[in-house]
Amino acid sequence: MIKQCFGAIVLSTIIVGCGTSDSGSDATSVVNLGISSSPDADAQSSYTNSKTDIYIAYSSLPRPDGTGTLRDAIAYLDADGDGDTDVFLATGDYLLEGEVNSILALNDGAQTFTSSTAEFSGNMPPATHARKSIVSDFNNDGLQDIFVFDHGYDANPFPGSQPKLIMQNTIGSFSWEKLTAQTGFHHGGAAADIDNDGDIDIFVGGFAPFFFVNDGDGNFSKVDNRFDNSMDKIFSAELIDVDQDGFVDLLIGAHERDGDKTAIYWGSTTGSYTQNLRTLIPMVTYFGAILDFDAEDIDSDGDRDLIINRTRDGDDGAGKGFYQGRTIQLLVNNGGRSFTDATATNIDYPGGDTDQWFPWVRAQDVDNDGDIDFAPDDAGRGFGYLNDGTGVFTHTLLAP
């Protein structure tokens with residue numbers, strides 16, 4: 001086998017990108033499906049479907065009785081067929097042992113939201129500690145569906161919970177099921193057509209990552225031969241065609257302090273993801289807990305750059321502990337699967353110890369000047385990063 005290694009030393013920044021095996025890995029063999037590239041590999045991916053035309057403060061959403069306080073697992077879709085974007089929110093509470101209802105917040109067209117259960121016939125899908133909700137059309141009927149990653153009770157012994165699959169049966173009418181055969185600490189994931197067979201598959205992160213492969217009708221089979229288990233745990237993931245070669249790439253991260261490697265696993269004709277074809281992303285001292293990935297062309301040169309949202313992955317001995325503070329890491333794409341870490345030169349204030357972490361980054365043109373800015377997905381945070389057009393960002397207060 002010819003191993004591919006991608007590296008660069010740019011502006012004194014060493015970029016690690018060598019697809020070599022790690023000693024001590026328990027990587028397993030994977031299939032080679034011999035698939036073809038797709039001119040639109042990102043079509044209907046959960047990353048593509050997370051882009052939305054509304055920008056709201058999470059606090060503006062209703063909180064009906066019987067729901068939780070968590071606001072991480074948010075998703076955007078037209079849930080009632082009236083042409084505007086509504087919000088689905090799987091909730092839960094920290095250290096909850098039971099379950100609470102999710103929330104469907106309908107938009108009146110002017111971004112005033114009202115709770116509704118009619119679309120679920122009053123039977124809302126539950127969650128214990130929902131971490132992420134994603135949207136795609138899982139059964140190819142032209143209607144958007146939802147998948148909820150629920151990791152359950154968030155402390156030892158981490159008993160886990162079941163994912164929830166929510167199908168839109170007709171416009172504005174949903175049903176759901178718990179995937180009871182799969183209980184685990186499902187802390188994030190993503191969806192895309194990884195094998196180019198015309199349907200959307202799901203990557204499920206957690207303590208034992210795996211893929212759910214779709215049969216085309218929204219029925220999923222757990223498979224262990226599409227990822228080589230070269231990462232024991234994965235808490236954040238996206239499926240994006242980063243290098244735009246027609247194959248969906250897998251971006252993954254967990255806690256770097258534990259030895260978890262933040263990386264891009266490059267998609268290929270195999271339809272599988274292995275450590276012999278990956279690029280490692282440079283670590284950030286102390287801020288090694290990965291929260292979110294975005295891949296957008298920030299400098300208008302035609303390729304996709306990376307924005308990585310981070311918080312602390314452990315106590316640094318100075319009273320600053322786990323999930324405290326935040327920082328943004330910016331990697332500029334040089335082509336050839338090499339990147340320059342441009343955080344220090346291109347962001348005036350990437351974050352710090354006293355800043356509150358947030359789960360999701362929204363990368364879009366915030367100020368309508370034709371380039372990609374970014375901000376917390378929650379408009380209530382009141383700030384963002386405005387692009388000067390060349391990929392240099394200024395931390396700016398924004399009206400909620």
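Guide: Buried means under 20% relative accessible area. This is a predicted model.

Visitor: Is N387 buried or exposed?
Guide: N387 sits in strand β27, residues 383–387. The cut-off for buried is under 20%. The relative accessible area of N387 is 4%, so N387 is buried.

Visitor: Leaving aside neighbours within four places in sequence, which residues is N387 in contact with?
Guide: I372 is among them.

Visitor: Which residues have the most contacts inside the largest nonpolar core?
Guide: This core has 20 residues. Strands β13, β15, β17, β18 and β19 each give two or more residues to this core. Another core, of 17 residues, lies apart from it and includes L77 and F174. In the largest core, the residues with the most contacts are F227, L239, L250, I252 and Y273.

Visitor: Which residues lie nearest the centre of the largest pocket?
Guide: The pocket has a volume of about 470 Å³. Its lining has 9 nonpolar, 4 polar and 4 charged residues. Of the 17 lining residues, those nearest the centre are Y94, D154, H187, F322 and Y323.

Visitor: How many charged residues are in the lining of the second largest pocket?
Guide: This pocket holds about 400 Å³ of space. Its lining has 24 residues, with S46, Y47, S50, K51 and V361 nearest the centre. By class, 10 are nonpolar, 6 are polar, and the charged residues number 8.

Note on methods: Residues are numbered from 1 along each chain as its sequence is written. This is a predicted model: local features need pLDDT of at least 70, side-chain atom pairs count only at pLDDT 80 or more; totals for chains, interfaces and linings use all residues. Side-chain values use heavy atoms; hydrogens and water are left out. A nonpolar core is a set of buried Ala, Val, Leu, Ile, Met, Phe, Trp, Tyr and Cys residues joined through side-chain atoms within 4.5 Å. Buried means under 20% relative accessible area, exposed over 50%, partly exposed in between (1.4 Å probe, protein chains only). Helices (H or I, at least four residues) and strands (E, at least two) are DSSP runs, numbered from the N terminus. Contact means heavy atoms within 4.5 Å. On a 1 Å grid over the protein atoms alone, a cavity is a set of points where a 1.4 Å probe fits but cannot get out, and a pocket is an open set with protein on both sides within 12 Å along at least five of seven lines; lining residues have an atom within 4 Å of a point. Grid points are joined across faces, edges and corners, and a volume is the space filled by probe spheres set on the points. Ala, Val, Leu, Ile, Met, Phe, Trp, Tyr, Cys and Pro count as nonpolar, Asp, Glu, Lys and Arg as charged, and the others, Gly among them, as polar.
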